[in-house]
Amino acid sequence: MLKLLLSFLKIGFFTFGGGYAMIPLIEEELVKRQGIIDAHDFIDMISIAQSFPGPIAVNLSLLIGYRLYGHAGSLICCFGAVFPSFISILLLAWIYSIGKNLDMLDGFFYGVRPVMVSLLACSFIALFKKMNKSHMNIALLAASFLLVTLLDVNPIFIIVAGGVLSIWTN
C-alpha cells in the first residue's frame with residue numbers, strides 16, 4: 001500500500017492540467033510499469049470514474065485503491081492524488097500573491113499549456129485505441145463531441161444518455 005501511496009504522490013506532484021492529464025501518468029505507472037492493474041480493468045475504471053460527479057483523478061484513485069486494498073486503499077490513494085495538488089495550489093497562490101506580474105510566472109504557464117494539451121491528447125488516443133469500434137460507438141463518439149463542442153450540451157447529460165443507450169441496445 002505504501003508503494004501505491006508513493007506512486008500517487010509522485011503522479012500528483014508532477015501533473016499539471018487536471019485529472020484528465022493524470023490518466024496517462026497513472027496508466028504508465030500502475031498498468032505498464034508496475035503491472036498491478038490490468039489494462040482492460042483500467043479502462044473500465046476510467047469509464048466508471050468519469051460517470052460519477054467529482055474530479056476524475058480523485059474518483060479513479062478511489063476506485064484503484066478500493067480494488068486493491070478496500071476502504072483503506074481508497075483513502076491512501078485519494079490522499080496521494082489530492083495532497084500534491086493542495087500543496088502545489090497553495091504554493092502557486094503564494095507565489096502569485098507576491099508577484100502577480102512576474103514574467104517568469106507567465107512564461108511558466110505559457111509553456112505548460114501545450115504540455116497539458118499533449119497529455120489530454122494522449123489520454124484520448126489511449127482510450128480510443130482500447131474502445132470497441134462498433135458503428136454505434138463511433139457514432140456516439142462523434143455525436144458526443146459535436147453536442148459538447150458545438151451545442152454546449154452539459155457532458156453529464158451526454159454520459160447518462162450514452163449509458164442508457166448502451167443498456168438499451170445491449
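Which helix does Ile-11 lie in? Select Ile-11 and you land in helix α1; helices here are DSSP runs of H or I with at least four residues, numbered from the N terminus.

A quick word before moving on: this is a predicted model, where local features need pLDDT of at least 70 and side-chain atom pairs count only at pLDDT 80 or more, while totals for chains, interfaces and linings use all residues. Residues are numbered from 1 along each chain as its sequence is written, and side-chain values use heavy atoms, with hydrogens and water left out.

Stay on Ile-11: it is buried, at 4% relative accessible area (buried means under 20%, with a 1.4 Å probe and protein chains only). Show its contacts (heavy atoms within 4.5 Å) and, setting aside residues up to four places away in sequence, you'll find Met-22, Leu-25, Ile-26 and Glu-29.

Next, pick Ile-64. Skipping neighbours within four places in sequence, Ile-64 is in contact with Phe-8, Ile-26, Leu-30, Ile-37, Phe-42 and Met-45.

Now colour the largest nonpolar core, which has 20 residues (a set of buried Ala, Val, Leu, Ile, Met, Phe, Trp, Tyr and Cys joined through side-chain atoms within 4.5 Å). Phe-8, Ile-26, Phe-42, Leu-60 and Ile-64 have the most contacts inside this core. Helices α1 (2-13), α2 (19-33), α3 and α4 each supply at least two of its residues, and α4 gives the largest share, 6 residues.

Last stop: select 39-51 (α3) and 56-98 (α4), whose axes are 9 Å apart. Among the residues meeting there are Phe-42 and Met-45 from α3, and Leu-60 and Ile-64 from α4.

How values were computed
Axes fitted to C-alpha atoms, helices over the stretch in contact; angles between N-to-C directions. Buried < 20%, exposed > 50% of the residue type's maximum accessible area, 1.4 Å probe, protein only.
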